[in-house]
Amino acid sequence: MLKTFSIGGVHPHENKLSAHQPIIKAEIPFKAVILLGQHIGAPAKPIVAKGDVVKVGTKIAEPGGFVSAAIHSSVSGKVAKIDTIIDASGYPKPAIFIDVEGDEWEESIDRTETLVKECNLTSEEIVKKIAEAGIVGLGGACFPTQVKLCPPPAFKAECVIINAVECEPYLTADHQLMLEHAEEIMVGVSILMKAVKVNKAFIGIENNKPDAIQLMTKVASGYAGIEIVPLKVQYPQGGEKQLIDAIIGRQVASGALPISTGAVVQNVGTAFAVYQAVQKNKPLFERVITVTGKSLAKPSNFLARIGTPMKQLIDACGGLPEDTGKIIGGGPMMGKALVNTDVPTAKGSSGILIMNNKEAKRGEIQPCIRCAKCVGACPMGLEPYLLSALSEHAEFERMEKERIMDCIECGSCQFTCPANRPLLDYCRLGKGKVGAMIRARQAKK
Amino acid sequence: MNVILIAVISLGAIALVSAAILYVASKKFAVYEDPRIAQVGAVLPQANCGGCGYPGCSGFADACVKAGSLEGKFCPVGGQPVMTKVAEILGLDAAATEPMVAVVRCNGTCANRPRTNSYDGAKSCAIAASLYGGETGCSFGCLGCGDCVSACQFDAIHMNPETGLPEVDEAKCTACGACAKACPKNIIEIRPQGKKSRRVYVQCVNKDKGGVARKACAAACIGCGKCVKVCPFEAITLENNLAYIDPNKCKSCRKCEEACPQNAIVALNFPPRKPKVEETEAATIVGAQTATPAKTEAPEVKA
Amino acid sequence: MENKLVISLSPHVHGGDSVKKNMYGVLIALIPAFLVSLYFFGLGALVVTATSVAACLFFEWAIGRFLLKKETSTICDGSAVITGVLLAFNLPSNLPIWIIIIGALFAIGVGKMSFGGLGSNPFNPALVGRVFLLLSFPVQMTSWPVVGQLTSYTDATTAATPLNLMKQVVGGNVDALKELPSSFDLLIGNNGGCLGEVSALALLLGLAYMLWKRIITWHIPVAILGTVFVFSGIMHLVDPVHYVSPVLQLFTGGLMLGAIFMATDYVTSPMSKKGMLIYGVCIGLLTVIIRLFGAYPEGMSFAILIMNAFTPLINTYCKPKRFGEVAKKK
C-alpha cells in the first residue's frame, strides 16, 4: 500500500507530455527582465543603477526585509533601466531590465561538472551561504530558504522532507532533474540535513515516476539517513501539509506552521540549487522549466535563465499554436493565467502550459446541487460549497469560524464540482478579506 | 351545555391569568427609552440602508437623540426635508449639507479602451481585481462585473452594455456610498451634486505615466497638467500622473474641460456651449465695417 | 495569434463531471427496476411511468417559462425526469392518469419549483408528491394489483401486499404470515407493491452501478439498511410472533427503493459523511417504528421526509473531519 495523505484529493489527468525530454539549455535572451518580487515577503531592493555593468551571478538586489531574498543577475551586460513590467499577476511590478552582452560569469562560480560531495561548513555557515545565493523555494511558493532553515526557537526540526512529488499535471521539470542530477540532489539533501542539524531525510516521489524512484533509491544508498518514499498518485500530494501527513503521519494543526510537526520541507529543485550554491558558489539565476501543451509542437524541459521572456521559450518549442486559448505560468491546478507572452520567467516559474481554445474556457455555471463532492475532494476537510456561498453573501465572520484560513487554494473543489461553480474564486476572495480582518484585529491588540 | 360552560369558564380563566402575567411583566421588565427616539424614527424614510453610517433608521434615530447635536448626521435618502423635521423634534439646528451623488470616474468604454484579454472567471469585480488588472491595458479602470450594481439598494446604478461602464441615475441616487465601498478600484466617488446638478470632474483614476495610460485608453488622464495651469481657482491638483478636481473649490467655470487634450474632464448637466463660430463672425463684420480704404488697418481676424 | 488570451483564476482544468452525467447515471441505475416493473406489471407500469415523466417535464418547463419567466429551461439537466421516474416507482400500477398528473404537479410545483428549483428544495420532490397523493387519494393509492396482469391497467385485480400482511401480523393475525411470498420471490420482485419497490435485486444492481460511477457514496444506504436490519432484528428476537424477521423487513415495501434512490437525493441529504450516517440511522429507526408501531404499513416515505427537515440541522452540527484535528504521532 502506497502512502498518501488522509483526507480528500482528486485525480486529474497526468498529461506528462514532456516526460523524458532531456533538459535543454535555453538560449540566453537579448534582454533580461529580472523582477524584484520573485519571492514571498518584501520585494528585493536593487543595488545597481542604470548603466552598471553586471556579470552572470552578480548580486543586483538585496533582501528587502527579514523575510526576503537576494537576487542575482542571470546574464552579463548593462543595466538598461529599473522600471515596471506586467508579471504573472497582471499588474505592473518593478523589475531590473538588462541589455545582454556576451555570457561572462563571476569568477567565484565553479563551472566544472565534477561532483563535490564533502561539505565542511557549519550549519550556520551553510545557511548564510544559502541566503547569499538568494535561494528560495522552487516548488512555486518561493519562500526564502534561509528563513525556513532557521525555525523559530519554540520549534525543533526532526527531519527533512524533500518534495519530489510534482503532483501538478503536465509538469516534468523535477522528474527530469532527478533523472539527470540525482547525485547532486543527494549532496544537496545532505547539506540541508546538516543545516537544520537532523540525521533523517525523506524524499517523496509520486508513483508515476518509477525510473526516478529506482534511480534515486540506488543513489540514496550511498548517503546516510536518506530514505526514498514512493507515494500514491493523487493531487495535491505535493502540498506541504499533505506531504508531511503522507510521509510521517503527522498533521499540521490549523493555524500552525509546518515546522511544528518537526519537518522541514524543501522542493527537490531547491535541494539542487542548494548544492550548487554551497558546493559550486553558484547563486540562483537559472532553473528547469517545463514548456508543454497539447497543441505545442515540441513539449520540452529547459534550463532557462531567470528573466527570459516566456515568448522565447515558447518559440523554442515550435512557437505559439494557432488555437491557443490560455497560457498558464505553472501547472493547471494552481498556476496563473498570463496576460501576454512578454511576462518574464522568475524563480518560481516551474512551467509554461499552453492550453488550446477547447480547454481554455470554463463550463457554464449552474446552481449548487448539494452533491457534497467538493466536501469529499477537499484535502483540508473543509466545506467549499458553504465557504463559497458565504463569500458571495459577504458573511466573512462566519467564514472565519468555518476555517477558511486553512484553505490551501489547491483547486480540488472547483475541479470536482459538477455544476462548474467558481468555488475557489469565491473562497480566495473570502480568505483575503478574512485575512485582512485578522491582521486588523491583531494590529489593534 | 355543561361542557360548553366548563370550556368557556376554563378558557376565560386562562386568558385572564395570562393577561395579568403579561401586564405585570410589561411593567416590571419595561426598558425606559427616550420617547423622542421613536418620534425621530417615525419621520425617517425606513429604508434601513445604512447610508447615514448608522445601523438602520432606528440606529440613526438613537444616535441623533443621544448625541445632542446634528453635526455630521445626515440622512441621504430623506435629505434636507427629513433632517429639518428631525431638528424640529429635537429642538436643534439642522446642519446644512449639500446634496451628494455618486460619480463614476472612468471613461474606459469598449471603444476607448480596447480589450487585451478575455476574463473567464467568476463575475465579481472583487475577485477579478484580486489577481488581475483587468482585461485591458489599464490596471486601474472599471472591471465591468457589476459589484456596484449589486450593492445599490435604490436601483440607481446600472451597467450600460454598450460602454461596459456603470451609469448613475441621479434622480434615484441617495449617495449612501454602497457602490463606492463595493468598487475594489475606488473608481466611484461621492461628490457634491452641484448647483442645478452641474458638476465637473476628472473621469479617470489611472495613475500610470502618460504614455502608458494613453496607450491603454483613449480617454485616460495623462497627467499633463494643462488643467492645473488653466484653473483660475486652484481647484485642481496633480498627483501620481492623475488630476483631481476639489469639489469645494471648483466654481464650474469649465476652463479645464476645454483645456484637457484627452477629454478626460467631464462637465455634467451643463447647457451646450455657444459655438465659437458666432464670435468670429461678429468680429469679421466689425472688421469689415471699420475697414477703411487703408487695408492695413483692417483688424486681424482669427480664422 | 488573433485571439485574446483568456485569463481567469486557478484551477484551469475541470474533472469533467456534470449535473447531467450524475442525473442520467441515476436513470441508468433505475433501468433494472424499470424492466422488472414492466415484466411484472406490464401495461400499467408503462403508462404510469410515462405519464409521470411526461407530466413532470411539462410542469417544470411550464412553470419555468410562464411563472418564473426564465430564459432557458432546466428540463434538460435530467432532474425532472428522475423526479418523474421516482414518483412513478412509488405509485401502484393501476393509478389513473389524472391522479398521476396531480401528483406530478404537486411534486414539481410545490416540492421543487416553489423553493427555487434544483438545489433549493428542502424536501425530496418525488416523496412530496407521493405523500400528497397518499393523503389525498388513500383508496386508490393503497390498492395494488397482483403481479402478472400484463395487459390490464386500472382494471387490474388487486390484493394485499407483503407489507399489508406484515401489518396484520403485528395486529395479531398470525395466519397472514403464511401468505407471505418466499424470500426468493421478494428478492426478484414477484410480489405486490409499488412499481419500483418490488424487486430488491434490481435495486441493489442499481446501487452497485451508482457506487461504481461514484454518483453516491455507501454511507446513506448502508446506514439505513443496517439500522433497519439491527432494529427489526432486535424486535424479532423480543417477539417473533408479531414482528417478522429482519430479512423480510429488508426486502419488502419501499425500503430498498427509499434507501438507495430517495434518501440519497443530493439536494435533501446531509453534506458530511458523519451527517449522512446519522441521517441514515434515524431514517432506519423511524421506518421501523412506523412499520411496527404506527398506523401505516409503510414508513419509509414519512421517515425520509421527516429527516429531510433535519438535514440543515445535521449540516450545521456535523462537520467533516478537519485536517489537523488529529495530530497522530508516528
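**Figure 1. Contact between domain 1 and domain 2 of chain B in the predicted model.** Domain 1 of chain B brings five residues to this contact, and domain 2 of chain B brings six. On the domain 1 side, three of the residues are nonpolar and two are polar, with no charged residues. The domain assignment places domain 1 of chain B at residues 35-90 and domain 2 at residues 100-268. Taken over C-alpha atoms, the centres of the two domains of chain B are 31 Å apart.

**Figure 2. Helix α4 of chain B and the residue that follows.** Helix α4(B) covers residues 79-90, a run of 12 residues. From its first C-alpha to its last, α4(B) spans 17 Å, close to the 16 Å expected at 1.5 Å a residue. An α-helix has 3.6 residues a turn, so residues three or four places apart point the same way. Just after α4(B) comes G91(B), with a positive phi of about 70 degrees.

**Figure 3. Confidence along chain B.** The mean pLDDT of chain B is 83, and 89% of its residues score at least 70. Among the elements of chain B, helix α1 (residues 2-28) has the highest mean pLDDT, 94. The lowest mean, 49, belongs to helix α11 of chain B, at residues 276-290. Residues 279-303 of chain B have a pLDDT below 50. Beyond near neighbours in sequence, this stretch of chain B makes nine contacts in the model.

**Figure 4. Where chain B touches chain C.** Nine residues of chain B and six residues of chain C take part in the contact. Strand β2 of chain B, residues 117-119, supplies the largest share of the chain B side, with three residues. By class, the chain B side holds three nonpolar, four polar and two charged residues. Strand β2(B) runs parallel to strand β1 of chain C (residues 5-7), and three bridges join the two strands. In one of the pairings, Y119(B) has I7(C) of β1(C) as its bridge partner. Strands of a sheet pair through backbone hydrogen bonds, either parallel or antiparallel.

**Figure 5. Contact between the two domains of chain C.** The domain assignment of chain C gives domain 1 at residues 19-140 and domain 2 at residues 160-317. Their centres, taken over C-alpha atoms, are separated by 21 Å. In the contact, domain 1 of chain C contributes 32 residues and domain 2 of chain C contributes 29. On the domain 1 side, α1 (19-67), α2 (79-89) and α4 (125-136) of chain C each supply at least two residues. Helix α1(C) gives the most to this side, with 15 residues. The domain 1 side of the contact in chain C has 22 nonpolar, nine polar and one charged residues.

Figure 6. Strand β15 of chain A, residues 324-329, pairs with β16(A) in the antiparallel sense over two bridges. Here G329(A) has K336(A) of β16(A) as its bridge partner.

Technical notes:
Residues are numbered from 1 along each chain as its sequence is written. Chains are lettered from A and ligands numbered from 1 in the order in which they are written. This is a predicted model: local features need pLDDT of at least 70, side-chain atom pairs count only at pLDDT 80 or more; totals for chains, interfaces and linings use all residues. Domain bounds come from an automatic or database domain assignment. Two residues are in contact if their C-beta atoms, placed from the backbone, lie within 7 Å. Helices (H or I, at least four residues) and strands (E, at least two) are DSSP runs, numbered from the N terminus. Ala, Val, Leu, Ile, Met, Phe, Trp, Tyr, Cys and Pro count as nonpolar, Asp, Glu, Lys and Arg as charged, and the others, Gly among them, as polar. Two strands pair if DSSP finds at least two bridges between them. pLDDT is the predictor's confidence in each residue, from 0 to 100. The expected span of a helix is 1.5 Å times one less than its number of residues.
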